[in-house]
Amino acid sequence: MTTGSRQVGTVIIGGGIAGIGIAYYLAEAGETSILVLEGNELASGCTQGSLGGVRQQFSTAPEIELALRGLEFWRNFEKDFDYPCPFYEDGYLLVTGREEVLNNLHAAADVQKRNGAPDVEVLGADQLRDVAPWISPVGLLGGSYTPHDGRFNPTDGLYGIARAARGLGVEIKEHTRVTHIEKHSDGWHVSATENYVAQRVVIAAGLATPHLVRPFGVELDITPLWLHCGYTTEVATGQGMPLTIDLDSGLIIERDGVGACVTVSDPRFGPEGAHRVMEEFATLAAVRAPVFSEVGIRTTTSAAFDATGGDGHAYVGEIEPGLWVLAGFDGHGTMQGPALAKMLSRMMAGLSDPVLDVAMFNPRRIVGGKDEWLRAARN
Ligand SMILES: Cc1cc2nc3c(=O)[nH]c(=O)nc-3n(C[C@H](O)[C@H](O)[C@H](O)COP(=O)(O)OP(=O)(O)OC[C@H]3O[C@@H](n4cnc5c(N)ncnc54)[C@H](O)[C@@H]3O)c2cc1C
């Protein structure tokens with residue numbers, strides 16, 4: 001052992017939903033020496049910015065399977081973790097005014113129905129106000145709707161999982177940024193404010209993951225995609241408000257208390273520009289959701305999510321013996337993170353997944369064209 005270094009079974013880099021999720025599942029499986037190193041504070045990365053949306057609406061069987069696992073996890077979270085984090089079953093609605101996109105939504109709904117997620121309806125323009133009375137159908141052809149999807153607060157969820165992980169013996173160190181990882185004969189040397197020698201390392205560092213794996217010859221296509229969200233004053237009181245996304249413009253509206261969280265998802269916006277996005281939102285909402293012309297924006301937040309290129313699937317697996325990755329969720333990691341963390345904990349124990357072919361998540365896979373297209377943004 002290196003002088004001055006602490007021996008650890010598994011070091012996990014990153015205290016977002018992925019890092020805390022894998023810590024929990026490894027501890028639940030019986031591992032006793034787990035240390036999470038978080039460079040900043042728990043839930044300070046993408047996880048903190050997440051809208052907490054949970055949807056079954058995807059276009060490929062594996063993503064639908066993960067969505068169903070995520071939905072079950074967050075629906076049962078309060079009961080299973082004995083921690084306050086309600087699941088709001090507001091539903092999820094994707095709308096479009098383009099025929100080709102509506103055809104794709106019909107095709108995706110068929111894939112969902114064939115893969116255990118029958119809870120989806122494709123609505124015509126005249127039916128949209130039945131589920132979202134504040135929407136203006138002018139210029140829309142329809143949308144796909146899943147009434148039992150919803151949302152939760154990801155920061156609360158992460159804290160609940162962290163509490164359970166700590167209860168199982170996991171140690172979490174905040175303000176401890178990992179600067180270097182290197183393989184030696186006695187294990188993986190992990191340099192931070194202290195030095196560690198670990199038998200296994202899991203890199204779950206969100207947007208910083210590509211930088212940490214590059215020295216091992218792995219290139220991950222994970223890039224920041226900025227979302228600037230506005231939180232409105234009271235709006236559409238007493239009306240249903242599914243998490244609604246206009247796939248043509250990127251307009252997003254989600255219930256938040258008596259108000260709403262609103263944004264426009266468009267890769268043109270960079271880290272600066274909350275003000276510009278709120279102006280764009282006002283222009284789009286005047287057509288699509290005129291009731292929003294009467295509300296104020298109380299506050300805004302800005303955060304980047306972990307957009308992935310290529311096939312749109314996450315990176316989960318081993319890149320060197322004992323060095324693992326769990327990252328790149330293309331903007332749906334708070335929903336899918338725990339399910340993928342559970343899958344990774346099984347892989348680390350040498351077990352396969354009962355349904356999914358884990359090879360499709362291999363961080364060293366040759367990534368071809370887009371496989372999953374149903375991104376919750378302008379399409
Ligand atoms: C605005 C927005 C809306 C979103 N909406 C949704 C949604 O509706 N539904 C959904 O499912 N997902 C959503 N997401 C995506 C979701 O938040 C992410 O996919 C998920 O949080 C990724 O989790 P993570 O643990 O991989 O990354 P993170 O939460 O970013 O965690 C990584 C952690 O690693 C730490 N770290 C980085 N480098 C180091 C280092 N060298 N040493 C130690 N620690 C390090 C960081 O500080 C960070 O805390 C949204 C994201 C954003 C920003």
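These notebook entries record what I looked up in the structure above.

**Entry 1. Ground rules**

I worked from a predicted model, in which local features need pLDDT of at least 70 and side-chain atom pairs count only at pLDDT 80 or more, while totals for chains, interfaces and linings use all residues. Residues are numbered from 1 along each chain as its sequence is written.

**Entry 2. Domains**

I began with the division of the chain. The domain assignment gives domain 1 (6–49 + 155–222 + 310–361) and domain 2 (89–149 + 223–307); such bounds come from an automatic or database domain assignment. I noted that the centres of the two domains, taken over C-alpha atoms, are separated by 31 Å.

I then looked up where the domains touch. Twelve residues of domain 1 are in contact with ten residues of domain 2, contact being counted when the C-beta atoms of two residues, placed from the backbone, lie within 7 Å. On the side of domain 1 that touches domain 2, helix H2 gives the largest share, three residues. By class, that side of domain 1 has five nonpolar, six polar and one charged residues. Here Ala, Val, Leu, Ile, Met, Phe, Trp, Tyr, Cys and Pro count as nonpolar, Asp, Glu, Lys and Arg as charged, and the others, Gly among them, as polar. Helices (H or I, at least four residues) and strands (E, at least two) are DSSP runs, numbered from the N terminus.

**Entry 3. The nonpolar core**

Which residues have the most contacts inside the largest nonpolar core? I found Ile13, Ile22, Ala23 and Leu326, in a core of 112 residues. Helix H1 (residues 17–28) gives the most to this core, with nine residues. The core draws at least three residues from each of domain 1 and domain 2. A nonpolar core is a set of buried Ala, Val, Leu, Ile, Met, Phe, Trp, Tyr and Cys residues joined through C-beta atoms within 7 Å. A residue is buried if 20 or more other C-beta atoms lie within 10 Å of its own, exposed if 12 or fewer, and partly exposed in between.

Leaving aside neighbours within four places in sequence, Ile13 is in contact with residues including Gly19, Leu37, Val178, Ile203 and Leu212.

Of the 40 residues around the ligand, Gly14, Gly16, Gly45, Gly206 and Gly333 come nearest. Two or more residues of this shell come from each of H1, helix H2 (46–49), strand S16 (297–308) and helix H10 (333–348). The shell has 18 nonpolar, 19 polar and three charged residues. Domain 1 and domain 2 each give at least three residues to the shell.

**Entry 4. Strand S12 and its partners**

Strand S12 is mostly covered, with eight of its eleven residues buried. S12 and S16 pair in the antiparallel sense over eleven bridges; pairing requires that DSSP finds at least two bridges between two strands. Within this pairing, Trp226 stands opposite Ala304 in S16. S12 also pairs in the antiparallel sense with strand S15 (residues 259–264), over two bridges, and Gly230 stands opposite Val262 in S15.

**Entry 5. Two positive phi values**

Most residues other than glycine have a negative phi. I noted Asp82, whose phi is positive, near 50°. Asp82 lies in the loop between helix H4 (77–81) and strand S4 (92–96). Ala236 also has a positive phi, near 50°, and lies in the loop between strand S12 (222–232) and strand S13 (243–246).

Are these residues buried or exposed? Asp82 is exposed because 10 other C-beta atoms lie within 10 Å. Ala236 is buried because 21 other C-beta atoms lie within 10 Å.

**Entry 6. Helix H10 and Arg346**

In H10, 13 of the 16 residues are buried, and the helix is therefore mostly covered by the cut-off for burial. H10 is followed by Gly350, whose phi is positive, near 80°. Arg346 is in helix H10 and counts as partly exposed, with 15 C-beta neighbours inside 10 Å. Not counting residues up to four places away in sequence, Arg346 touches Leu351 and Asp353. The C-alpha atoms of Arg346 and Leu26, 320 residues apart along the chain, are separated by 8.5 Å.

Definitions and conventions: A residue is near a molecule or strand if its C-beta atom, placed from the backbone, lies within 6 Å of it.
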